[in-house]
Amino acid sequence: MKLYDTGAYLINGDTIVADSGSALDEVKSKTGKDITIDEAKQNTLAYGILKDHNTSGNMDKLQIKFDKLTSHDITYVGIIQTARASGLERFPIPYVLTNCHNSLCAVGGTINEDDHMFGLTCAKKYGGIYVPPHQAVIHQFAREQLSGCGKMILGSDSHTRYGALGTMAMGEGGPELVKQLLSKTYDINMPGVVGIYMTGKPEPGVGPQDIALAIIGEVFDKGYVKNKVMEFVGPGVNNLSVDYRIGVDVMTTETTCLSSIWKTDDKVKEFYEIHGRVEEYAEMNPGEVAYYDGMIEIDLSEIKPMIAMPFHPSNTYTIEELNANLDDILADCEKRAKVSLDGQVDYSLRDKVRNGRLYVDQGIIAGCAGGGYENITDAADILRGASIGPDEFTLSVYPASTPIYMELVKNGSVADLMETGAIVKTAFCGPCFGAGDTPSNNGFSIRHSTRNFPNREGSKLQSGQISSVALMDARSIAATAANKGYLTPATDMDVNYTKPKYFFDKTIYENRVFDSKGNADPNQEIQFGPNIKDWPAMSPLPQNLFLKVVSEIHDPVTTTDELIPSGETSSYRSNPLGLAEFTLSRKDPGYVARAKEIQKAQKALEEGGCAGEAVPELKTIVHKVKETYPDVNHDNFGVGSTIFAVKPGDGSAREQAASCQKVLGGWANIANDYATKRYRSNLINWGMIPFIIDEGDLPFALGDYLFIPDIKDAIATGASSVDAYNVKEDGLNKFTLKIGELTDDEKDIILKGCLINYYKG
């Protein structure tokens with residue numbers, strides 16, 4: 001794999017010219033055409049799709065309107081509640097509400113099914129589409145029923161990626177979907193576009209997860225594609241089935257790119273034909289000369305079966321390398337774990353070595369990444385006639401949709417799998433985010449799913465539990481299962497891959513999915529449950545701001561799972577205050593109490609009282625500030641909390657990573673950088689300021705009070721930085737906080753306190 005140090009031109013889809021002083025001369029000699037870099041940039045697939053959906057008239061400052069929206073049952077309640085509070089009357093574009101995260105209805109009594117009934121009645125009232133539990137995971141339904149060449153889809157799940165089908169899709173926090181529901185726009189600067197130039201053909205046994213992990217391992221730490229669009233081109237694309245492309249594409253999220261898009265061909269056309277939607281197909285290729293801001297060359301034939309060890313998809317090795325260096329690599333993983341887990345529990349992997357081989361406790365093939373038809377049929381071919389054995393090792397397989405499941409039943413793949421001792425279950429995302437198949441304490445699971453962050457599989461540090469996940473392709477998981485739990489790459493197996501043809505049967509969707517066809521019924525009453533709560537009132541930004549530092553995190557990256565745990569907490573995602581009780585519970589268990597304590601001061605101000613009476617230690621802080629800023633008083637300051645994290649926000653798009661902080665009185669985050677654009681946007685949409693501080697020794701610590709004068713004016717005028725002070729007994733210690741670029745709408749959202757207030761006017 002080769003990463004270019006510069007941008008590059010792609011000529012006729014098959015010739016790369018690295019950007020240099022003579023690059024345009026070389027382009028002219030090969031094509032006979034004079035072309036500028038700006039003209040060549042307009043010839044990427046990404047540029048064309050973004051242009052078609054941009055309403056601003058300025059391709060540097062995009063204002064995008066999407067064709068369709070999609071959400072699942074741990075996000076759509078909050079989104080619709082926010083939109084309702086902001087004036088929603090009907091869904092202006094198709095909006096699909098899927099139920100693949102809380103579909104077990106096993107935690108919290110009635111509250112999960114209450115959410116589902118809320119979703120169904122909202123689909124009827126506002127003119128949406130409702131997909132009942134167990135029918136399909138969110139992204140498979142979108143692939144089968146929503147995608148279209150040249151279209152754009154916005155989803156409230158970070159793995160909203162349908163680029164392999166010619167659809168530019170993005171995963172964002174709920175407030176961005178609210179904007180689309182209110183006929184507003186998605187505002188971003190024109191992103192960079194990185195070409196992923198593929199050649200060769202994968203060897204048998206190498207699957208899409210292997211390609212994806214190889215890419216993630218190469219680019220993540222470098223930030224090579226961060227907030228950019230990955231555009232897949234080159235002759236190697238033609239050697240991949242559409243199911244294979246989808247398996248690579250869905251994992252692009254783990255590179256921190258903004259979105260992805262692939263060139264299309266007759267194989268993509270066949271996909272649309274199979275699904276009865278051939279009219280959605282269009283051939284898509286970059287122009288004769290296209291310019292990319294970066295270029296990655298991948299020879300698919302050189303990729304080997306891969307494994308991403310705990311606790312990140314970028315912690316990658318070939319399985320061959322891991323097996324050859326077991327002790328060293330496992331020791332390194334244990335060392336990394338001490339950082340990720342803050343030494344809260346004992347964690348070991350080297351005790352998984354038996355007779356010189358790595359033994360795993362569990363295999364899972366599931367969700368939007370692993371549950372595809374070809375992944376499962378190839379796994380069935382590997383396992384046919386084998387046994388997974390009667391020991392600790394278990395294998396569960398979750399087809400990504402009921403139509404896939406039906407076809408696997410018809411062609412015998414399900415029988416082949418179950419005969420081995422594997423269990424085949426319905427479409428469900430739980431194993432991906434910690435709501436299903438949690439291993440035993442110190443258990444080690446290999447999964448063809450999307451993430452392996454700490455506690456992603458459902459263990460709880462606060463209860464002394466730890467288990468972990470390594471990411472692998474379905475084929476090597478099946479090979480490991482065939483060897484009864486001993487780690488094995490699929491390329492070691494002699495297999496006849498039968499590649500049975502896929503037949504899509506839409507009958508189950510016609511029988512079970514509610515589709516309003518865009519017709520809203522304003523007389524439909526929404527069905528609420530006792531756990532579905534409105535958002536609490538949120539104050540506008542004050543002129544001056546006191547912030548107490550209530551958490552300090554120095555991990556290189558902080559995931560959204562650590563900011564608000566996934567898994568069993570999902571049942572409370574329709575209850576803002578109830579969910580907030582879990583904020584940082586696995587990373588910093590004292591956070592909630594500290595945030596609530598300082599929130600008392602702001603609540604006192606809002607009720608016309610005295611902040612210092614509610615939080616006595618604040619009296620000294622305010623008096624010290626008044627020595628320098630005598631005009632500061634209860635009428636012009638606010639009080640809240642902030643956290644510091646080195647790089648927060650890697651992972652999920654779910655807005656609750658920010659909103660939970662907000663409902664506990666958070667006014668800001670302070671970071672050296674933000675891991676993703678979507679987390680920064682979530683902060684802004686919930687009225688929180690995404691401050692940046694330069695790397696180095698922090699001028700504050702946990703428990704310190706910070707004072708930021710005239711922050712309201714700074715936001716309103718678009719200041720790039722502000723003076724801030726750490727308030728100490730000996731005076732005010734000055735330092736600088738950067739704000740970064742904000743759109744006019746983003747400024748107003750922060751000033752008014754949150755997106756809901758912004759739309760209320």
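Student: Is the crossing in which helix 14 passes helix 18 right-handed or left-handed?
Tutor: This is a predicted model. Take helix 14, residues 373-383, and helix 18, residues 474-482. The way helix 14 passes helix 18 makes the crossing right-handed.

Student: Are helix 14 and helix 18 roughly parallel or roughly antiparallel?
Tutor: Their axes come within 8 Å and cross at roughly 25°. Angles under 35 degrees count as roughly parallel. Helix 14 and helix 18 are therefore roughly parallel.

Student: Which residues of helix 18 does helix 14 meet?
Tutor: Start on the helix 14 side, with Glu374, Asn375, Asp378, Ala379, Ile382 and Leu383. By class, the contact has eight nonpolar, one polar and three charged residues.

Student: Are helix 4 and helix 5 roughly parallel or oblique to each other?
Tutor: Helix 4 spans residues 76-85 and helix 5 spans residues 111-126. Their axes come within 10 Å and cross at roughly 45°. Roughly parallel needs an angle under 35 degrees, and roughly perpendicular starts at 65. Helix 4 and helix 5 are therefore oblique.

Student: Which residues of helix 5 make the contact with helix 4?
Tutor: The crossing of these two helices is left-handed. Helix 4 brings Tyr76, Val77, Ile80, Gln81 and Arg84. Helix 5 brings Asp115, His116, Phe118, Gly119, Cys122 and Tyr126.

Student: What volume does the largest cavity have?
Tutor: Cavities of 30 Å³ or more are counted, and there are seven. The largest cavity has a volume of about 200 Å³.

Student: Which residues lie closest to the centre of the largest cavity?
Tutor: The lining has 22 residues. They divide into seven nonpolar, eleven polar and four charged. Closest to the centre are His101, Asp157, His159, Cys432 and Arg456.

Student: Which helices each supply at least two residues of the lining of the largest cavity?
Tutor: Look at residues 367-370 and 430-433. Each of these stretches is a helix that meets the mark of at least two lining residues. They are helix 13 and helix 17.

Student: How many charged residues does the lining of the second largest cavity have?
Tutor: This cavity has a volume of about 100 Å³. Its lining has 14 residues, with Pro454, Asn455, Asp561, Glu562 and Arg586 nearest the centre. Four of the lining residues are nonpolar and four are polar. The charged count is six.

How values were computed:
Residues numbered from 1 in each chain as written. Predicted model: local features only at pLDDT ≥ 70, side-chain atom pairs only at ≥ 80, totals over all residues. Heavy atoms only, no water. 1 Å grid on protein atoms, 1.4 Å probe; cavity = no way out; pocket = protein on both sides within 12 Å on 5 of 7 lines; lining within 4 Å. Points joined across faces, edges and corners; volume = space filled by probe spheres on them. Helix = DSSP H or I, 4+ residues; strand = E, 2+ residues; numbered from the N terminus. Nonpolar A, V, L, I, M, F, W, Y, C, P; charged D, E, K, R; others polar. Axes fitted to C-alpha atoms, helices over the stretch in contact; angles between N-to-C directions. Parallel < 35°, antiparallel > 145°, perpendicular 65-115°, else oblique. Left-handed = near helix turned anticlockwise from the far one by under 90°. Contact = heavy atoms within 4.5 Å.
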